[in-house]
Structure formats: C-alpha cells, structure tokens
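Please look over the backbone and the helix packing of the structure shown here, with the briefing below as a guide.

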Amino acid sequence: MKKRPEFTRREFVTASAAGLALGSLSPAMQAGQERSDKYSGRTQTRVMIDTDPGVDDALALLLAMQSPELTIEAITAVAGNVPLELTLPNALRMVEIAQRDDIPVAAGAKGPLLRRLVTATYAHGENGLGGAIFPEPKRKPVPEPAAELIRQTVRKYPGEVTLITIGPLTNIAAALNSDPELAPMVRSLVMMGGSLSGGNITPAAEFNVYVDPEAARIVFQSGIPVTMVGLDVTTKTSLTEEHVRVLEGAHTPVSQAAGTIARNALNHYRERGFPGGPNMHDSLAVAGFLDPSILQFQDYYVDVETTGELTAGETLGYSPNTGDLRRKPGMERMPRTCRFGEPHPRSPALAHRQF
Ligand code: BDR
Ligand code: CA
C-alpha cells in the first residue's frame with residue numbers, strides 16, 4: 001500500500017490542473033472497465049498513459065499516479081515536446097517520485113511515422129521540465145518497445161484498457177498498424193490533442209496532432225471510441241502563482257516535485273514574456289477522465305488534415321447537426337470530442353481524500 005501524505009488530491013488538482021476539481025467517476029467519460037480494487041474495494045479503471053513529458057505531462061502523470069481510481073498498466077514515452085532521449089527519463093523520474101515501482105515504463109517512437117520531429121522546447125524548456133532539475137532516474141524501461149507493450153496489454157485485457165494519450169499519437173498508431181485486430185479490443189481512447197477552434201503551433205493545428213498527423217488520422221479512423229480533450233477547453237486552464245504556492249506549501253515528495261516543475265515552468269514563461277501561465281492541457285485530460293463532470297461533451301466525426309501545406313495537423317469536426325454539407329464523411333463511427341467545456345469549481349466526492 002502506498003503512503004498517505006497529508007496533501008489532498010483536491011489541492012493537488014487545484015494546482016496541477018489549474019483550478020480543476022475532481023469528483024467521482026461518472027459514465028460520460030469513464031470509458032474503462034470498472035473492477036474491484038483488491039485493497040480498498042473501490043472500483044478501478046485499467047489505463048495506459050502515452051506521454052512526452054513535458055511540463056503538463058509531468059503534472060498529469062503525477063496526478064494519475066496519485067489517483068486510486070486508475071490501474072495504470074504502463075506508461076509509454078514518445079518523442080514530442082522534447083526528443084525521446086529526454087521524454088523517457090522524464091517519465092521514469094515521475095514514476096520514481098511517485099514511488100510507483102509497480103508501473104512499467106516503455107520507450108516508444110523517436111519520431112513521427114513519416115515526418116521529422118518538431119519539438120516544443122520554447123514552451124517546455126530544453127529538458128522538457130521547464131528547466132527543473134531532478135536526478136538521473138535509477139529505474140530502467142522495460143525491454144518491450146511501447147507499441148509492442150500497448151499491443152500486448154490490450155490483448156491481455158480485451159475490452160478493458162483505456163489509452164490516455166497526452167503526446168503525439170505515434171506509438172498508438174504503430175501498435176494499431178502492427179496488429180489490425182487490435183482496435184476493437186481497446187475500450188476507449190482519451191486524448192489531449194486537436195482543436196476545433198484553431199491551433200497553438202500553427203493557426204490551424206494543435207501541437208500533438210501537428211507533430212504526427214498521419215498517426216492521429218490512423219487513431220481517429222480506427223473505430224476506437226475517442227474522447228478528444230482539445231485546445232477548445234484546455235486553453236481555459238493556466239498555471240498561476242497561487243497554484244504553485246499551494247504545491248510548494250505541501251510537504252510531500254510528489255507535491256514538492258510538482259511545485260518545482262510548476263515554478264520553473266512559470267519562470268520560463270515570465271522570462272520569455274509569454275502572457276499568463278502555461279496551460280495545463282494534459283492534466284485536464286487526466287482530470288476530465290477522472291471526473292467527466294468538469295467538462296461538457298458534444299459528438300463529432302473528427303478527421304485530420306495530412307496534406308495541407310498550411311493546415312497539416314488541423315482537426316476537422318463534422319457535427320451530426322451541421323446540416324446539409326455538400327461533402328461529408330461517413331459519420332457512422334462518431335468519435336466523441338469535447339468543446340466549450342467549462343472547468344467546474346466544485347469537487348463533490350473527493351474533496352477531502354488524502355493521498
Ligand atoms: C500539447 O502539446 C504539448 O506541448 C503539451 O504537453 C500538450 O500535450 C498541447 O498542445
Ligand atoms: Ca504532452
């Protein structure tokens with residue numbers, strides 16, 4: 001059993017997901033198979049997290065690893081915000097900080113399926129953690145490559161595993177490409193990625209989809225039920241001085257590490273003259289999975305632009321209510337997306353839960 005320090009998850013989420021609060025799981029976004037937690041009798045959801053840490057990835061990972069609702073089967077690293085040589089050790093560092101020796105970490109793709117890697121050091125710093133320094137991790141990745149571990153785990157628990165993706169979708173697409181029968185065995189996929197209202201790396205594209213649009217297209221067209229937590233809603237979160245102080249004020253290893261990352265990220269933003277604080281995109285995807293009541297959802301068929309010279313990586317949403325479009329795709333496989341979600345200030349069920 002893990003230790004239970006005194007920092008409540010509400011405080012953690014308030015800081016790490018920038019004001020979002022967590023409640024109990026509810027059916028709207030809770031896509032994973034519930035099963036009984038052998039320790040506490042709580043229900044748990046089987047997930048794998050694919051990530052490119054990344055400041056907001058790191059905080060999202062800490063949040064997920066502190067969440068008793070989740071059985072995290074593995075964390076898989078992918079190149080994105082920084083190269084894999086950094087995202088992999090950063091993921092291992094987070095697992096060590098959270099003292100989650102039980103979670104395997106796998107190395108994934110070093111670059112997109114077809115394109116050259118584009119990174120986001122302008123936002124995440126050269127080391128991916130806003131310049132926050134942590135020791136070299138002692139933990140090693142498992143020998144299986146990420147795509148193979150995803151394939152094996154989904155096949156081991158058919159219909160049970162939810163993939164939470166908070167980086168480019170290269171590893172997931174590679175797993176799907178390697179095993180044509182895999183997609184129907186995936187319970188669901190919750191992604192931070194895409195946007196139906198403009199981009200953050202180009203006017204059209206959100207970073208995770210822009211980095212590997214071909215991979216994103218494979219995922220959207222796979223038939224896996226997708227919940228897309230896009231920029232439409234994640235840009236409503238941003239880290240503030242107050243959030244950082246809450247994290248720094250709680251004396252547990254996880255909150256101290258989160259506070260260090262958040263402080264460095266805030267300083268990184270200030271030094272570059274960026275307005276406001278960094279958005280907690282990835283933390284919101286995890287928080288929204290834990291408590292769907294903090295977001296609102298609408299159904300869209302989503303496709304990805306892969307050939308546009310200026311619009312590669314743009315996600316296009318076809319609403320069933322759009323009306324009489326002259327050209328529209330078959331919408332029978334309608335991935336769910338969320339837009340216009342308003343962070344909910346209340347944490348009804350878990351407000352006083354201790355880690
Ligand atoms: C996404 O891109 C990355 O920079 C963040 O970690 C997040 O996953 C936001 O566009
Ligand atoms: Ca990310």
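**Loops and a helix pair**

Q99 is found in the loop between α3 (84-97) and β4 (105-107), where helices (H or I, at least four residues) and strands (E, at least two) are DSSP runs numbered from the N terminus. This is a predicted model, in which local features need pLDDT of at least 70 and side-chain atom pairs count only at pLDDT 80 or more, while totals for chains, interfaces and linings use all residues. Residues are numbered from 1 along each chain as its sequence is written, and chains are lettered from A and ligands numbered from 1 in the order in which they are written.

**Backbone in the loops**

- Although Q99 is not a glycine, its phi is positive, at about 55°.
- Q99 has 12 other C-beta atoms within 10 Å and is therefore exposed (12 or fewer, against 20 or more for buried and partly exposed in between, with C-beta atoms placed from the backbone).
- The peptide bond from P53 to G54 is cis, with omega near -5°, and G54 has its place in the loop between β2 (43-51) and α2 (55-65).

**Packing of α6 and α8**

- The axes of α6 (residues 170-178) and α8 (residues 213-220) come within 8 Å and cross at roughly 55°, the axes being lines fitted to C-alpha atoms over the stretch in contact, with angles from 0 to 180 degrees between N-to-C directions.
- α6 and α8 are therefore oblique to each other, a term for angles that are not under 35 degrees (roughly parallel), over 145 (roughly antiparallel) or 65 to 115 (roughly perpendicular).
- On the α6 side, T170, I172, A173, L176 and N177 meet A215, I218 and V219 of α8, contact requiring C-beta atoms, placed from the backbone, within 7 Å.

Definitions and conventions:
Two residues are in contact if their C-beta atoms, placed from the backbone, lie within 7 Å.
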